[in-house]
Amino acid sequence: MRRFTWARRHVRAVTHFGGVLLVAVGVMQVTRWWGQLIARLQTLTTGFQLPS
């Protein structure tokens, strides 16, 4: 639980960042940029395998 001490101290900043991120993703979905972004990320990660 010690990993989250920064987030607990900066609750307001984390909340604002989350809200901005939520709005940005919503705008990207409405303008259909989200699908293009996901498609590009899928082409970048094609063939990627985690080391075993």
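**Exercise 1. Which residue with a positive phi follows α2?**

Solution. The model is predicted: local features need pLDDT of at least 70, side-chain atom pairs count only at pLDDT 80 or more, and totals for chains, interfaces and linings use all residues. Residues are numbered from 1 along each chain as its sequence is written, and side-chain values use heavy atoms, with hydrogens and water left out.

Step 1. Helices (H or I, at least four residues) and strands (E, at least two) are DSSP runs, numbered from the N terminus. Helix α2 covers residues 11-30.
Step 2. R32 comes after α2, and its phi is positive, near 65 degrees. R32 lies in the loop between α2 and α3.
Step 3. Most residues other than glycine have a negative phi. R32 is a residue other than glycine with a positive value.
Step 4. R32 has a relative accessible area of 69%, so it is exposed. The cut-offs are under 20% for buried, over 50% for exposed and in between for partly exposed (1.4 Å probe, protein chains only).

**Exercise 2. Find how α2 and α3 cross, and name the residues that make their contact.**

Solution. Step 1. The axes of the two helices, α2 and α3, come within 5 Å and cross at roughly 95 degrees. Axes are lines fitted to C-alpha atoms, for helices over the stretch in contact, and angles run from 0 to 180 degrees between N-to-C directions.
Step 2. α2 is therefore roughly perpendicular to α3, a label for angles of 65 to 115 degrees (under 35 is roughly parallel, over 145 roughly antiparallel, the rest oblique).
Step 3. V25, M28 and Q29 of α2 meet W33, W34 and L37 of α3; contact means heavy atoms within 4.5 Å.
Step 4. Five of these residues are nonpolar, one is polar and none is charged. Ala, Val, Leu, Ile, Met, Phe, Trp, Tyr, Cys and Pro count as nonpolar, Asp, Glu, Lys and Arg as charged, and the others, Gly among them, as polar.

**Exercise 3. Describe the setting of W34.**

Solution. Step 1. W34 sits in helix α3, residues 33-45.
Step 2. Beyond its neighbours within four places in sequence, W34 contacts V25, M28 and Q29.
Step 3. W34 counts as partly exposed because its relative accessibility is 30%.
Step 4. In the chain, buried residues make up 0% of the 52 residues.

**Exercise 4. State the secondary structure and extent of the chain.**

Solution. Step 1. The chain has three helices and zero strands, in the order α-α-α from the N terminus.
Step 2. Its C-alpha atoms fill a box of roughly 40 × 40 × 10 Å along the principal axes.

Notes. The expected span of a helix is 1.5 Å times one less than its number of residues.
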